[in-house]
Amino acid sequence: MTTGPHVYEYATLRVVPRVERGELINAGVVVYCRARGVVAARTHLDEARLAALDPAADTIGVRAALAAVVRICAGGEAAGQAAGDDAGRRFRWVIAPRSTVVQPGPVHTGLTDDPEAEADRLLEQLVL
(Lines give C-alpha, C1' and ligand atoms only; values in the text may rest on other atoms or scores of the structure.)
Protein backbone atom coordinates (compact mmCIF):
# COMPACT_ATOMS: atom_id res chain seq x y z
CA MET A 1 0.00 0.00 0.00
CA THR A 2 1.29 3.45 -0.86
CA THR A 3 1.61 6.16 1.75
CA GLY A 4 0.57 9.77 1.64
CA PRO A 5 -2.70 11.29 0.59
CA HIS A 6 -4.89 9.24 -1.73
CA VAL A 7 -7.50 10.39 -4.21
CA TYR A 8 -11.04 9.70 -3.06
CA GLU A 9 -14.49 10.26 -4.50
CA TYR A 10 -17.59 11.19 -2.56
CA ALA A 11 -21.25 11.94 -3.03
CA THR A 12 -23.96 13.15 -0.71
CA LEU A 13 -27.08 11.11 -0.14
CA ARG A 14 -30.12 13.30 -0.60
CA VAL A 15 -33.67 12.77 0.53
CA VAL A 16 -36.18 14.15 -1.97
CA PRO A 17 -39.59 13.40 -0.44
CA ARG A 18 -41.55 14.90 -3.33
CA VAL A 19 -39.53 14.51 -6.50
CA GLU A 20 -41.81 16.83 -8.46
CA ARG A 21 -40.96 19.72 -6.11
CA GLY A 22 -37.20 19.19 -6.20
CA GLU A 23 -36.76 20.05 -2.50
CA LEU A 24 -34.18 18.00 -0.65
CA ILE A 25 -32.15 17.53 2.49
CA ASN A 26 -28.74 15.92 2.76
CA ALA A 27 -28.90 12.74 4.83
CA GLY A 28 -25.54 11.09 4.28
CA VAL A 29 -22.27 10.76 2.41
CA VAL A 30 -20.54 7.94 0.58
CA VAL A 31 -16.74 7.94 0.24
CA TYR A 32 -14.70 5.71 -2.08
CA CYS A 33 -10.91 5.44 -2.09
CA ARG A 34 -9.64 3.04 -4.75
CA ALA A 35 -6.05 3.01 -3.43
CA ARG A 36 -7.27 1.79 -0.05
CA GLY A 37 -10.15 -0.35 -1.35
CA VAL A 38 -12.52 1.51 0.97
CA VAL A 39 -16.12 2.49 0.41
CA ALA A 40 -17.78 3.98 3.48
CA ALA A 41 -21.18 5.51 4.13
CA ARG A 42 -22.29 7.73 6.97
CA THR A 43 -25.92 8.77 7.41
CA HIS A 44 -28.04 11.00 9.61
CA LEU A 45 -31.71 11.71 9.00
CA ASP A 46 -33.03 14.95 10.47
CA GLU A 47 -36.69 13.97 10.80
CA ALA A 48 -37.81 17.50 11.67
CA ARG A 49 -36.29 18.90 8.46
CA LEU A 50 -37.82 16.06 6.46
CA ALA A 51 -41.24 16.76 7.99
CA ALA A 52 -40.86 20.44 7.11
CA LEU A 53 -40.54 19.46 3.44
CA ASP A 54 -43.26 16.82 3.54
CA PRO A 55 -45.22 16.05 6.72
CA ALA A 56 -46.40 12.79 5.11
CA ALA A 57 -42.88 11.59 4.20
CA ASP A 58 -42.23 7.90 4.78
CA THR A 59 -39.58 8.26 7.49
CA ILE A 60 -39.39 4.51 8.08
CA GLY A 61 -38.83 3.88 4.37
CA VAL A 62 -36.17 6.59 4.15
CA ARG A 63 -34.34 5.15 7.18
CA ALA A 64 -34.50 1.68 5.59
CA ALA A 65 -33.05 3.00 2.31
CA LEU A 66 -30.22 4.79 4.12
CA ALA A 67 -29.46 1.66 6.16
CA ALA A 68 -29.33 -0.38 2.94
CA VAL A 69 -26.70 2.01 1.53
CA VAL A 70 -24.59 1.58 4.67
CA ARG A 71 -24.83 -2.23 4.38
CA ILE A 72 -23.93 -2.23 0.70
CA CYS A 73 -20.94 0.01 1.29
CA ALA A 74 -19.71 -2.16 4.17
CA GLY A 75 -19.88 -5.25 1.97
CA GLY A 76 -19.95 -8.76 3.36
CA GLU A 77 -23.04 -10.88 3.86
CA ALA A 78 -25.20 -7.94 4.94
CA ALA A 79 -24.72 -6.34 1.49
CA GLY A 80 -27.01 -8.91 -0.13
CA GLN A 81 -26.37 -9.32 -3.86
CA ALA A 82 -23.50 -6.83 -3.65
CA ALA A 83 -21.66 -8.99 -1.09
CA GLY A 84 -19.14 -10.31 -3.61
CA ASP A 85 -18.55 -7.01 -5.37
CA ASP A 86 -15.38 -5.01 -4.86
CA ALA A 87 -15.48 -1.57 -3.24
CA GLY A 88 -15.49 0.31 -6.55
CA ARG A 89 -18.43 -1.62 -7.92
CA ARG A 90 -20.42 -1.12 -4.69
CA PHE A 91 -19.69 2.63 -4.80
CA ARG A 92 -20.76 2.91 -8.45
CA TRP A 93 -23.99 1.05 -7.67
CA VAL A 94 -24.81 3.38 -4.76
CA ILE A 95 -24.10 6.56 -6.74
CA ALA A 96 -26.00 5.52 -9.88
CA PRO A 97 -28.71 8.09 -10.63
CA ARG A 98 -32.22 7.09 -9.66
CA SER A 99 -35.53 8.83 -9.24
CA THR A 100 -36.42 7.49 -5.81
CA VAL A 101 -36.77 9.38 -2.56
CA VAL A 102 -33.12 8.71 -1.55
CA GLN A 103 -30.84 9.93 -4.33
CA PRO A 104 -27.09 10.37 -4.73
CA GLY A 105 -25.76 13.83 -5.42
CA PRO A 106 -22.96 14.61 -7.88
CA VAL A 107 -19.59 12.94 -7.35
CA HIS A 108 -16.69 15.10 -6.16
CA THR A 109 -13.02 14.27 -5.50
CA GLY A 110 -10.40 15.09 -2.92
CA LEU A 111 -7.25 13.84 -1.21
CA THR A 112 -7.12 12.05 2.12
CA ASP A 113 -4.83 9.95 4.30
CA ASP A 114 -7.82 8.29 5.98
CA PRO A 115 -11.00 7.64 3.94
CA GLU A 116 -13.00 6.52 7.01
CA ALA A 117 -12.16 9.74 8.85
CA GLU A 118 -12.97 11.68 5.68
CA ALA A 119 -16.45 10.14 5.66
CA ASP A 120 -16.95 11.36 9.24
CA ARG A 121 -15.67 14.84 8.36
CA LEU A 122 -17.91 15.11 5.30
CA LEU A 123 -20.95 14.00 7.28
CA GLU A 124 -20.25 16.73 9.80
CA GLN A 125 -19.66 19.36 7.13
CA LEU A 126 -22.41 18.49 4.63
CA VAL A 127 -25.20 16.85 6.65
CA LEU A 128 -25.19 17.70 10.35
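Begin by selecting Gly-37: this residue takes a positive phi near 65 degrees in the hairpin of S2 and S3, which has four residues between the strands. The strands and helices named here are DSSP runs, numbered from the N terminus (helices: H or I, at least four residues; strands: E, at least two).

The model is predicted, and local features need pLDDT of at least 70, side-chain atom pairs count only at pLDDT 80 or more, and totals for chains, interfaces and linings use all residues. Residues are numbered from 1 along each chain as its sequence is written, and side-chain values use heavy atoms, with hydrogens and water left out.

**The sheet**

S2 and S3 run antiparallel and are joined by six bridges; strands count as paired if DSSP finds at least two bridges between them. Within this pairing, Val-31 has Ala-40 of S3 as its bridge partner. S3 is largely enclosed by the rest of the structure, because five of its six residues are buried. Buried here means under 20% relative accessible area, with exposed over 50% and partly exposed in between (1.4 Å probe, protein chains only).

Next, select S1. Eight of the 10 residues of S1 are buried, so this strand is largely enclosed as well.

- With S2, S1 pairs over seven bridges, and Ala-11 has Val-30 as its partner.
- With strand S5 (residues 108–112), S1 pairs over five bridges; His-6 is partnered by Thr-112.
- With strand S4 (residues 102–104), S1 pairs over three bridges, and Val-15 stands opposite Val-102.

**The nonpolar cores**

Now display Val-15, Val-30 and Leu-45, which touch the most other members of the largest nonpolar core, a set of 24 residues. A nonpolar core is a set of buried Ala, Val, Leu, Ile, Met, Phe, Trp, Tyr and Cys residues joined through side-chain atoms within 4.5 Å. At least two residues of this core come from each of S1 (6–15), S2 (25–33), S3 (38–43), helix H2 (59–74) and helix H3 (87–95). H2 supplies the largest share, five residues.

Centre the view on Val-30. Not counting residues up to four places away in sequence, its contacts (heavy atoms within 4.5 Å) include Tyr-10, Leu-13, Val-39, Val-69, Cys-73 and Phe-91. Another core, of 11 residues, lies apart from the largest one; Val-29, Val-31, Ala-119 and Val-127 are among its members.

Move to Val-127, in the segment after helix H4 (115–126). Val-127 is buried, with a relative accessible area of 7%. Its contacts beyond four places in sequence include Asn-26, Val-29, His-44 and Leu-122.

**Aromatic rings and cysteines**

Which residues form a stacked aromatic pair? Select Tyr-32 and Phe-91: their rings are 5.3 Å centre to centre, with 20 degrees between the planes. Rings of Phe, Tyr and Trp (its six-membered ring) pair if their centres lie within 6.5 Å; planes under 30 degrees apart count as stacked, over 60 as edge-to-face and the rest as tilted. This pair links S2 to H3 across 59 residues, and both Tyr-32 and Phe-91 are buried.

Finish with Cys-33 and Cys-73. Cys-33 is buried at 0% relative accessibility, and Cys-73 is buried at 1%. The structure holds zero disulfides.

Methods: Disulfide = S-S within 2.5 Å.
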